[in-house]
Amino acid sequence: MNDTKPSSMPNTFSMFDPWSFASAVSEYGVDAWQRSLLFADLRRQRGDQYREHLQEQAPNVLNFECELVMSGPEFARPINYGMVRILPTADTTIDLAKRPFIVVDPRAGHGPGIGGFKPDSEIGAAMKAGHACYFVGFLPDPVPGQTVEDVMRGLAHFVRHVGELHDSCIGKPAVIGNCQAGWLVMMAASLWPELFGPLIVAGAPVSYWAGDNPMRYGGGLTGGSWLTALTSDLGAGRFDGAWLVENFEKLDPANTWWAKNYHLYANVDTEGPRYLEFEKYWGGYVFLNDVEMQYIVDNLFIGNRLSSAELITSDGLRIDLRNIRSPIVVFCSYGDNITPPPQALGWITDLYRNDEDVASHDQTIVYTTHESIGHLGIFVSGKVGRKEHVEFTSNIDLIDLLPAGVYQATVDDNPEAAQSAHGPGSHDGYFMALHRRTLDDVRNIVKPDLASDHRFRAAARVSETNLALYKSFVQPWVQGMVTPEIASMMQTLHPLRISYEWWSSTNTLAPAVADVATRIRNDRREVMSDNPLWQAQENVSAMIVRLLDSYRDQRDQMYAWLFEGMYGSPLIQALTGYSTESNAPARNHPGDSPEHLKFVERELASIRDRMAEGGLLEATVRAIFYILRTRGEADERHFRHALKFHGSRRPRDFDMTSFRALVRDQAVLLAHDMKTAMEAIPTLLQRAKADDIRERAQDLERLVRSSGTLHAEEEASLQRILSLFEQSAPANVAEKTESDTTAIATPKARSASPEMKAAQSAESAPTASAVPVATPGQTKKARPSVRKPSDSVKKAPAPTPVPAPVAAKTASSSMKKAPTSASKTPSSSKKTVSSRSKASSSIEQAAASAIKTPSLAKKAKIPATTVSSTTKKSAAQASKTAQTSQPAARKGTRKTSKTATVKKGSDK
């Protein structure tokens, strides 16, 4: 509609003026007739587009040119997923030194491509920032027998391959998981943490019992997951994703039944392209295997077992999200009626009890909440793409350096945008700030409810009973009666599919409508916005929306009352094994296991051993955290100021993984015992040259002052550090060859907990291939060692044993068999770096992440004795072995972490 046209109405409209009334009726009537035919023609194009989309070999809505990199159907355990490389556009330049991004789309009823639906999307933001980008999508039909665990292993296979292709970049691949792909990415990262860089989970439901979303009541009100099994049986072993889409549409009846179509009708002259573009995605229904859908409903939608570490793989490994070693960025919105913030953040309060618990697992969590954007808007909104997604991608290295803890990211207007080299309209118009938060802040969002958890636990028990009854007495009859032909007919007759197929060019009336619509576009007579009949139409439409919204609210409230009354009754609670007089939690907290408590105790004991380990770089990073310890926030401008100090001094082979481990370890040491950590700085400096110490002190002072005006306490801390450095400088004489360079030392390996001793012994034995293992605690790298001639000989890597909450039944069941690429076995060499150059180029980056860090544990819990440090081992680069298949699992090779080595000045 064109509101800029001059009005055709008289200056004063009156119902009693025959001429003005007739003119308004005539204008509105002609427009309504033309508008109705144009609307019908767009719906015809929608039906044609749907039919064409079904004929595509790999239907998707990706808006970028790409090339296939890996095909899931070719895996030893085939899956219907594939990975493509996004080809850069003419206006983008890829920096191979930057970490790659991998975008994984959700398989929740719709087809793939939503992550790259528009230029201003997750993929577009990553490429504009100079990152190579990969996209993981899927085919409409699953591979027979495919399971969620197969998909999870396939995703690890994709990430491993990208890491191999970009083994010379700074940092591990960053992975974005949208909606249902978010929990899939987190599950894979918890089992193979060494493969993944920072994770960005957008609109991903992980804690399904949290919040007040009416969708969470559906499973309980229908009696549990037996209905899922019945639907899959009626589909001959396949679950139709159209049923999932129908559930989404029922959440907002006003939009589904009226607002979406009326918006197209009211803006029929301009809305057509956008409408058809979105409908291509919304109508691209896909299928899931019965075992896949049953696993999702039983363990996630109803059972909610992921957020409490209750899921165990087929080879006996517990899926514990606390094992993830990379930062987790959670993006959610209060306007999202599918995944509200409590469901996106509830796993944090389910797994952790306090901030010390988060720090003891060495986990970094960053969350951001939007006030109004809807679920799909998180992925496809151009405004979000130009703001939040751009800021996440451009500051991913800053996020990767954050110490363990919980942070909130905010994206605000940049007051320095006017001076931006890219102009006020660029992404420089915003800047991201990171604020220290506590677990209580997250609880205020999630609002945990013990009574509600008990009701959902009862619903889960009832679901298990009903599912067992269905499988025992009904399922054999249903499966015997349903043939592939009957299943195909039922899929075709699904109401959503009929809505697309019934009105297309195959309809006998469609050609006539298309011909008339073409003539109307050439002679369009559009009604003016001040026409009284048009205004009355707008008011009626708004009234219909309000009525449907009221119906939705009343319906949702009724669902809540029914659910609470049914599963909160003492009878149902007692039948499901719970007494109303008991104060026991609905689920056991995973942190209560004796193995984890012993692991934390050993970690606390090892801190004292690490206080005096390191050199000039460790001392400088520790000093930065000490000076800026009182600050509760930092933003990207501080990080950019830090980068200006070293510019091109950072070597191309800079090892971000080692430096990240160093920064996080120094933050933990300082937070745990500040007095001892500061007293150890002279010990760290005793092997450095006096000139180097003074140079680092000058760099440190310039860097700290660049972050803004220092208050009195920060100024006093800075002067104390400068005094310590100056006092240590005269006592150091450059007589030792070792002081010519200072290696970036990574924290030493943490000891394994008792439950993994058997797995450690088994993994140390010679095997055909090494496989990745889950790591609840931070797996530390070995210290860098001097390169020797023998180092050029490749050795098989020793797998890293890590504590897990579940004891392994056998040595073989304790190991994960991750897929490895059989088509590509690249050899990699150790990177040699000048530590002095790294020390000069790296300390500035630590300032941006120097935010107040919580203590690792309360001092009352610190054991009186300490554990001796483990033997330091030289790191050897892994030689990759070809993938071999087994009936139940695949063997893989662990890609060993890159380790920096020292190159002496005499070797240059």
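Mentor: Helix α1 passes α8 in a right-handed crossing (the near helix is turned clockwise from the far one by less than a right angle). Helices here are DSSP runs of H or I, at least four residues. This is a predicted model: local features need pLDDT of at least 70, side-chain atom pairs count only at pLDDT 80 or more, and totals for chains, interfaces and linings use all residues. Residues are numbered from 1 along each chain as its sequence is written, and side-chain values use heavy atoms, without hydrogens or water.

Trainee: At what angle do the axes of α1 and α8 cross?
Mentor: Roughly 120 degrees, and they come within 9 Å. Axes are lines fitted to C-alpha atoms over the stretch in contact, with angles from 0 to 180 degrees between N-to-C directions.

Trainee: Which residues of α1 and α8 meet?
Mentor: Ala32, Arg35, Ser36, Phe39, Leu42 and Arg43 in α1 meet Asn261, Leu264, Tyr265 and Ala266 in α8. Contact means heavy atoms within 4.5 Å.

Trainee: New topic. How do α6 and α17 cross?
Mentor: At roughly 35 degrees, with axes within 8 Å. Trp226, Ala229, Leu230 and Asp233 of α6 touch Asn466, Leu467 and Tyr470 of α17.

Trainee: And how many residues line the second largest pocket?
Mentor: There are 49, with Met215, Gly218, Leu244, Asn247 and Phe301 nearest its centre. A pocket is an open set of points on a 1 Å grid over the protein atoms alone, where a 1.4 Å probe fits, with protein on both sides within 12 Å along at least five of seven lines; lining residues have an atom within 4 Å of a point.

Definitions and conventions
Helices (H or I, at least four residues) and strands (E, at least two) are DSSP runs, numbered from the N terminus.
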